[in-house]
Amino acid sequence: MKPVHGRPPRDPAPPTHSIGLPQPLVDGAEKVSGRALYTADLPFAGALVGRIGRSTVAHGLIRSIDATRALALPGVHAVITGADFSAPYGVIPIAENEWPLARDRVRYRGEPLFAVAADDARTAQAALAAVVVEIDALPAYFDADAARAPDALLLHDDKPGNLERRVEQDFGDVDAGFAAADLVLERCYDCAEVAHGQIELNATVAQWDAEREQLTVHSVTQVPYYLHLMLAQTLGLDGAAVRVIKPFVGGGFGHRVEALNFEMVTAALARAAGGTVKLELTREETFLTHRGRPATQTRLKVGLQKNGEITAVDAEVVQRGGAYAGYGLVTILYAGALLHALYRVGAVRYRGWRVYTNLPPCGAMRGHGAVNVRFAFESLLDEMATQLGLDPFALRRANLITPPYRTLNDLQVNSYGLPQCLDAVERASGWHERRGRLPQRPGLKRGLGMACSHYVSGSAKPVHWSGEPHAVVILKLDFDGSITLLTGAADIGQGSSTLLTQVVAEVLLLPMPRIRVVATDSALTPKDNGSYSSRVSFMVGNAALRAAEALKRVLVEAAARRLEVAADEIEWLGESCAVAGTDRRLGFADVVQAALVDTGTLTVKGTWSTPPETQGGKFRGAAVGSTAGFSYSAQVVEVEVEEDTGAVRVLQVWSAHDCGRAINPLAVQGQVQGAVWMGLGQALGEQTQYHEGLPLRANFIDYRIPTAVESPPIDVTLVESIDPLGPFGAKEASEGGLHSVPPAMAAAVHDATGLRLHALPITPDRVLEALQQRQRDERLAAARAQRAAAAVPAAAAVPATGE
């Protein structure tokens with residue numbers, strides 16, 4: 001091999017492969033070493049302290065907010081109210097009805113009313129106490145039924161019946177489907193409201209440059225783009241005057257997928273004070289910001305044939321949405337849309353109601369919209385399987401989809417690994433060998449249950465329809481041979497920056513350390529819609545793939561010019577390239593040098609948007625539920641129930657998840673385990689509770705998230721169905737596995753005890769009450785039978801009439 005430009009010849013490094021291999025997260029070292037800076041850690045010397053004053057009334061008219069005494073305190077730099085904002089905000093353009101600080105009316109206890117900026121926390125707290133607020137109380141409604149009553153006062157004048165959204169959808173002939181069924185069963189299910197429980201508390205730092213009238217905001221957001229839009233809108237700024245930077249984020253799970261009031265409040269405080277303000281919320285305030293999964297009542301009716309085929313589904317869903325819109329209209333649409341695409345169904349009727357109440361607003365939470373309805377659906381299937389004498393696995397297999405498949409509501413299924421998921425957990429759990437044969441101890445009953453679920457790999461239509469691509473990635477190549485990946489996608493702990501690095505490295509056959517990720521700074525990185533609905537792997541992954549392919553073409557063409565051959569003669573080997581069939585080679589550094597001739601620093605762009613055929617139908621609300629790729633999951637849960645206390649202990653979970661292609665199996669396994677663990681939390685004990693609108697569990701002592709003590713072994717099998725549209729075939733991996741955990745656990749409790757529980761969470765109190773009620777019913781039935789038996793001889797002793 002001849003040296004090029006005087007460089008000594010050396011053996012080139014072999015091509016490097018990055019996908020399909022377990023890779024540590026590219027930001028893992030910073031996190032485990034404590035070097036990672038989260039928003040509250042950012043060192044802004046001299047930053048003022050922000051605090052929020054909140055309503056003590058659940059519903060009322062604001063008569064006055066007098067800040068005179070507060071502004072007179074030494075060290076107080078600003079006090080703001082709702083009057084300091086230009087417009088309301090909201091994540092859905094047609095449902096923007098919330099102000100960062102309440103104007104005219106408060107609609108829940110804890111709603112932000114005013115905010116202060118001061119030199120230190122003590123002064124800020126004194127300023128809060130000095131503000132005088134007058135509110136005329138109005139009737140408040142804390143459940144959906146009360147809010148929907150005919151005489152209920154409207155929370156929003158333009159929403160009759162306190163309905164944010166009513167949905168009516170019919171697909172196929174439902175009545176005929178029920179008529180053709182061999183078994184029709186109807187049940188009602190009740191799921192409590194739950195919160196995200198992310199570890200990191202909410203915090204924002206805002207800097208106002210008075211000379212330039214520019215705003216820079218560092219915040220805990222999952223959606224820097226949406227936050228950017230709402231900051232400009234609520235503060236009346238040109239979008240060009242706003243810069244949003246996302247530092248490290250300590251979890252989100254949906255809590256941060258919309259702009260939140262404290263973020264805009266911090267920005268307004270910084271502008272009013274003419275400097276930098278840091279606002280950190282307490283755990284209670286983070287619970288009050290909420291956006292959790294709404295309390296849901298589901299009436300479900302299903303028809304089955306003897307072989308288990310689903311002939312018809314009729315569902316009614318009522319969600320208690322809280323005081324403001326948020327994602328509410330999307331949530332109630334998801335509840336109906338995802339009745340489809342998991343199984344073949346003969347016909348579906350769906351009615352949904354999203355109801356305003358005087359409680360903190362609900363929003364998107366992991367598995368957005370579909371978790372509670374899936375609990376109802378899978379629980380009912382389990383009960384019907386018992387009545388038909390079918391194994392639960394056999395019932396699911398009777399309704400499997402063969403892709404490509406178009407659902408009744410126009411969702412496109414291109415890959416479908418559910419059959420393999422069922423096989424995997426059936427085998428791993430020893431289902432047929434162990435079910436009904438588990439060892440039992442006195443007072444302890446053990447059982448197995450199973451369920452299935454699915455979820456989207458990003459919404460096929462964005463919230464803000466602008467005609468722009470769904471995802472954009474820019475790659476920058478410079479003189480040093482480094483590649484900088486610029487993305488607006490927010491890594492919130494799910495490992496998206498690692499995945500994007502792997503995708504680019506795989507295309508270029510380069511080692512991952514050559515690639516540096518710069519993410520989520522609106523002054524540097526391209527716009528991205530955000531980290532929600534499991535969209536980043538699929539959409540941004542595809543954009544990164546296209547950007548890498550574009551860069552590879554540039555490099556191959558540069559190598560061809562240097563070696564004076566046609567581009568199609570170049571064999572790309574990553575750290576080197578060669579003329580095919582010869583020993584003529586160029587090292588990567590020489591290729592980079594050739595590529596930069598006459599151009600200097602190179603930038604290439606990759607974009608991706610969902611194909612039109614995956615964007616749903618034409619009926620109202622059809623976009624919700626549409627996606628370019630569905631993930632699929634199956635779970636088996638083993639439990640032990642203590643009959644004397646009602647306590648349920650989960651002994652083991654077997655989970656199989658169809659992720660398309662596991663680009664990073666290590667991260668995918670962790671995401672699946674996290675989804676299962678969060679599902680166990682909702683199933684076992686998590687629930688928010690209120691007294692007259694006052695949160696009773698706004699801390700991690702009373703809000704019962706499972707600890708390591710309650711967490712069982714979670715055995716994960718990854719199924720790779722290879723989606724034709726996903727990057728290298730990949731699909732989502734962090735949400736679809738959650739939905740099936742609560743119904744699988746409920747089915748296991750039934751297998752252990754014979755109890756059918758139709759409400760979440762399945763707390764010891766709830767189980768014990770059901771066990772005791774069954775005992776009472778059995779005693780009553782025995783007494784009736786005894787009386788009936790005693791009456792028979794007496795009746796026989798009475799002479800017949802006429803004798």
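Threonine 520 is buried, because its relative accessible area is 3% (buried means under 20% relative accessible area, exposed over 50% and partly exposed in between, with a 1.4 Å probe and protein chains only). This threonine belongs to the loop between strand S21 (515-519) and helix H15 (536-563). The model is predicted, so local features need pLDDT of at least 70 and side-chain atom pairs count only at pLDDT 80 or more, while totals for chains, interfaces and linings use all residues. Residues are numbered from 1 along each chain as its sequence is written, and side-chain values use heavy atoms, with hydrogens and water left out.

**Surroundings of threonine 520**

- Apart from neighbours within four places in sequence, threonine 520 is in contact with Pro224, Val244, Ile245, Lys246, Thr487, Gly488, Ala489, Ala490 and Thr525 (contact means heavy atoms within 4.5 Å).

**Overall architecture**

- The protein has 19 helices and 31 strands; helices (H or I, at least four residues) and strands (E, at least two) are DSSP runs, numbered from the N terminus.
- For 803 residues, a compact globule would have a radius of gyration near 28 Å, and the 29 Å of the protein agrees with this (the radius is taken over C-alpha atoms, and the globule rule is 2.2 Å times the number of residues to the power 0.38).
- The C-alpha trace spans about 130 × 80 × 50 Å along the principal axes of the protein.
- Among contacts in the protein with a separation of 6 or more, 80% are made by residues 24 or more positions apart.

**Surface, burial and charge**

- Of the 803 residues, 59% count as buried.
- The accessible surface of the protein comes to about 30600 Å², and carbon and sulfur atoms hold 52% of it; accessible areas come from the Shrake-Rupley method with a 1.4 Å probe, and for residues only the protein chains shown count as cover.

**Cysteines**

- The structure holds 0 disulfides, a disulfide being a pair of cysteine sulfur atoms within 2.5 Å.
- Cysteine 191 is in no disulfide, and the nearest cysteine sulfur, that of cysteine 188, is 12 Å away.
- Cysteine 452 is likewise in no disulfide; its nearest cysteine sulfur belongs to cysteine 421, at 8.1 Å.
- Cysteine 191 counts as buried because its relative accessibility is 1%, and cysteine 452 counts as buried because its value is 0%.

- Glutamine 23 is found in the segment before helix H1 (28-33), and its 15% relative accessibility places it among the buried residues.
- The C-alpha atoms of glutamine 23 and isoleucine 663 are separated by 9.2 Å, although these residues are 640 residues apart along the chain.
- Leaving aside neighbours within four places in sequence, glutamine 23 is in contact with Ser18, Gln502, Met512, Asn664 and Leu666.
- Proline 611 lies in the loop between strand S25 (602-608) and strand S26 (630-642) and, at 15% relative accessibility, counts as buried.
- Between the C-alpha atoms of proline 611 and leucine 725 there are 9.0 Å, with the two residues 114 residues apart along the chain.

**Cis peptide bonds**

- The peptide bond from proline 403 to proline 404 is cis, with omega near -5°; proline 404 is in the loop between helix H11 (392-397) and strand S16 (405-406).
- Leucine 760 and proline 761 are joined by a cis peptide bond with omega about 0°, and proline 761 lies in the loop between strand S31 (759-760) and helix H19 (764-797).

**Positive phi outside glycine**

- Glutamate 213, a residue other than glycine, has a positive phi near 55° and lies in the loop between strand S9 (203-209) and strand S10 (214-219).
- Glutamate 213 is exposed, because its relative accessible area is 53%.
- Histidine 290 is not a glycine, yet its phi is positive at about 60°; this histidine is found in the loop between helix H8 (283-289) and strand S13 (295-304).
- Histidine 290 counts as buried, because its relative accessibility is 2%.
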